[in-house]
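The sequence and the structure come first, and the description follows.

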Number of protein chains: 2
Amino acid sequence: MPNNQTTVDGQHVAALRDRIDPDGRSGKVQDSAATRIAYCRDFGPREDDFLPAFVVFAECVEDVQAVLSYANDHAVPVIARGAGTGVSGGVNASENCIVLSLERMDRILEIRPEDEVAVVEPGVVNGDLGDAVAEYGLMYAPDPASYRQSTIGGNVATNAGGLRCAKYGVTRDSVLGLDVVLADGTLLHTGRSTFKGVAGYDLTSLFVGSEGTLGVVVSATVRLRYLSPESRSIAAFFPTVEAAAAGVLAVGRHRVQPAIMEFLDAGTMAVIDAGFGTDLASRGGALLLVRTDGHGARVEEAIVREALTRLGAQLAAAGDDIAARLIEMRRSSRGDIQDDEYRVGEDVAVPRSQLVAYVHRLSEIATEHGVMLRIVAHAGDGNLHPTFWVAPEDGADGLERLARALDESVRGALDAGGTITGEHGIGQFKRRWLGWEQQEEVLELQRQIKKLFDPHGILNPGKAIL
Amino acid sequence: MPNNQTTVDGQHVAALRDRIDPDGRSGKVQDSAATRIAYCRDFGPREDDFLPAFVVFAECVEDVQAVLSYANDHAVPVIARGAGTGVSGGVNASENCIVLSLERMDRILEIRPEDEVAVVEPGVVNGDLGDAVAEYGLMYAPDPASYRQSTIGGNVATNAGGLRCAKYGVTRDSVLGLDVVLADGTLLHTGRSTFKGVAGYDLTSLFVGSEGTLGVVVSATVRLRYLSPESRSIAAFFPTVEAAAAGVLAVGRHRVQPAIMEFLDAGTMAVIDAGFGTDLASRGGALLLVRTDGHGARVEEAIVREALTRLGAQLAAAGDDIAARLIEMRRSSRGDIQDDEYRVGEDVAVPRSQLVAYVHRLSEIATEHGVMLRIVAHAGDGNLHPTFWVAPEDGADGLERLARALDESVRGALDAGGTITGEHGIGQFKRRWLGWEQQEEVLELQRQIKKLFDPHGILNPGKAIL
């Protein structure tokens, strides 16, 4: 019923404009084709090709409340989004949905340097918060590769990780409290603004990572960490993947907790070489990039350099800034090309001791199914991002091989005691595997929690849980 | 109907013996008066004086499942407990309840040093886990003052904090996954055994800190941290409370994150002096105990010493082990005497910048209401433990003054942007203040979550939420 649908949507548009933008000057409610297309998806794969009926650009808490309570009354799906840089399809449009963009709510409401706390609206870009607190010698620790684009609201929705989180924790570890609008428009205050607090159930953690399916975050109180006065970066080329994985464990055995410890295989080095004109791939079969920070940065650097050299690594000269530059290049080594149906980046995590065995398994899988593979990993966390791809000219057969390889790689991570998603979230794309990881009782409990928070099922339906 | 009740209890005892201890040899089900008295409460204040109908000592997951599913069928309250060292009345008996002790489930199931993970039963004593992983150069970070008695299960139930948590996080930050028996006996597996993972809702964090009201933890997968190769302890005596609080902020401004940073006022020093024969109280009006660790321990020690000296602190000589011994004494400076109706220890937290103002407020309150006061604080967290007391001979009037002082101290913490409980939990005792901190919508949502997990309300009724 496309005609009828258009009419109904038109009524919704008019009704919402009336409520939040009566004189129509701020363009808070937009239904042009261009806007609907621009806001229909994130950087992940798509299951279908719906466009939102229209897009609302909220500018304040009351706007969000108005949209949700209206949508709840009329049973219209609402998909809240930040910058749309997610890679699991977490904000892909449903049929006849409203996309609720939080990008205009981008104010840093408070920075309290002595309390080491900031309060931000959801549309604040991660890197902008980092810049703002840096002048106080502080940092917002979670640093997804998308930190220059992605928003704190989106980071909270996906419980985003990043390079620094082996030492400083993921988004959940930095969120002290939230203001959240529930499906019916109620404004809820969870958590606290102190570092510690155990009053009642941990609703804050329940919202973090729930991908907009339980409520819409309109403000976050976050803990800041110390911006290290010094950091030291180490680039260690290893002859083999095995030797590099041994290096990861050796760093741990020397009781050094690096701020960053990234693993790059030959294929990933080749991508960086192609993009930046470097010659990494000629220098070894695997690369570890390690950064130590804090007041012990130099002591730890010396320990790491010695431990890795003893394992046969070739190290860039100390003090050479090649390692620091490589870490920046690595940040952009996956986000360069949007995934499509012929190329999919994965996000599994395994216990650290399983890194070597799992990397081997990935190679076997790629060979077995005739697909291309390269791997980058947050090695300190055991969080791997293998990328599988086939040539588009392989057509349907290539896609089938790709799908089988993906399935087996995920199964392999679970067999190794791991998880199907280390930091990207389930979104729409990974629901296919969620039942492999979680028992039916857990799936059912999640459904019931969802129903409790969102009885009419308007909040980002078909995402995050199964 | 005491007689009738006794009969019903007798039936329950027989039925449960039949299910989990048919030959009666292991004494899993006990109803002697001595046992019922020993297991009727924790170290916190009591609201009433119920004894459990009987006590079950579970030895395996199946025992817990049998108890809960039986209790669920017969609508009998079940209060799970570890060592009973809590101080908020979280395991105080309800009328005709079963107390379910997990202390016999005390096996460390796995230690995986390379993964930096351990899997433990709930009855494992915190300090025993620490000892077991120390030989691998690892530690279990959360260290409540009760760590030599309290169990991991109890720590999980209360989301226990401790001295080290400013740097290493609270219990929640160390729990990766849980096995939990739900009210109906279902065994649920939450979380994962990798450091990172974002599949589905964070049920693990929902159980952590829920004080046995949503389920009974039968196994925990915990993250271990590096046992520092070196640590340096600093004892800094300040002329005034204000100067010591300025010291806390100065350490932060120098971007040092100490492993421990404890604040002791004159009253707390006097308690240590009385217990250990020291002469702390003669050396200043407030004491900061700071411990730096990690590979930067010495660098950080030097920074802290200089910063505190500049603020007028008198420091114990570097290398002198007085500071390390004082930290151990401080661990026992509150747990020495069980609180009673005339003496209550509080557990508020405030933003760090509010420490001085709040300490002043506490003094005013004590003077105003004629009650005694001493304060110890995990200063790095802004988590204060004021102890208020009156002389028992003051009788009812004293108790009234004590109650008013307590109320005002809690109100003062909230006014300062803080919380009514930093690490002890709500239990039974602090429910009186929960409505001051949480809006009705949060209270109601918690009630609904409780109902979802425990429809018959058998799990630790009357605790944790309002």
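## Terms and basis

A residue is called buried when its relative accessible area is under 20%, exposed when it is over 50%, and partly exposed in between, with a 1.4 Å probe and protein chains only. By that rule A:Glu116 is buried, because its relative accessible area is 2%.

This is a predicted model, in which local features need pLDDT of at least 70 and side-chain atom pairs count only at pLDDT 80 or more, while totals for chains, interfaces and linings use all residues. Residues are numbered from 1 along each chain as its sequence is written, chains are lettered from A and ligands numbered from 1 in the order in which they are written, and side-chain values use heavy atoms, with hydrogens and water left out.

## Relation of the two chains

## The interface

The interface brings 87 residues of chain A into contact with 87 residues of chain B. The area buried between chain A and chain B is about 6,600 Å², of which carbon and sulfur atoms give 58%; buried area is the accessible area (1.4 Å probe) that two parts lose on being put together, summed over both. A:Lys196, A:Tyr201 and A:Arg255 supply 15% of the area that chain A buries against chain B, more than any other three residues.

Across the interface of chain A and chain B there are 10 salt bridges, each defined as a side-chain nitrogen of Lys or Arg within 4 Å of a carboxyl oxygen of Asp or Glu. A:Glu114 forms a salt bridge with B:Arg253, with the closest N and O atoms 3.0 Å apart. Between chain A and chain B, 42 residue pairs are in polar contact, both residues being at pLDDT 80 or more. A polar contact is a pair of N or O atoms within 3.5 Å; within protein, one must be able to donate a hydrogen and the other to accept it, and residues adjacent in sequence count only if both atoms are side-chain atoms.

Among the elements that give two or more residues to the side of chain A that touches chain B are strand 9 (187-191), helix 9 (241-253), helix 11 (297-310) and helix 16 (440-453) of chain A; helices (H or I, at least four residues) and strands (E, at least two) are DSSP runs, numbered from the N terminus. Helix 16 of chain A gives the largest share of that side, 9 residues.

A:Glu116 is found in the loop between strand 5 (108-112) and strand 6 (117-120) of chain A, and its side chain makes a polar contact of 2.7 Å with the side chain of A:Tyr226. Leaving aside neighbours within four places in sequence, the residues in contact with A:Glu116 include A:Leu138, A:Phe195 and A:Arg223, and from the other chain B:Gly252 and B:Arg352.

A:Glu121 is found in the loop between strand 6 and helix 4 (126-134) of chain A and is buried, with a relative accessible area of 5%. The side chains of A:Glu121 and A:Arg107 are joined by a polar contact of 2.7 Å. Not counting residues up to four places away in sequence, A:Glu121 touches A:Met105, A:Asp106, A:Arg107, A:Leu109 and A:Val218.

A:Leu188 lies in strand 9 of chain A and counts as buried at 0% relative accessibility. Among the residues that A:Leu188 touches, not counting those up to four places away in sequence, are A:Leu178, A:Val180 and A:Phe207, together with B:Gln439, B:Glu441, B:Val442 and B:Leu445.

Helix 12 (residues 322-331) of chain A is mostly covered, with 7 of its 10 residues buried. Those buried residues pack against elements of chain A that include strand 12 (231-238), strand 13 (260-265), helix 10 (266-276) and strand 14 (286-293).

Key. Contact = heavy atoms within 4.5 Å.
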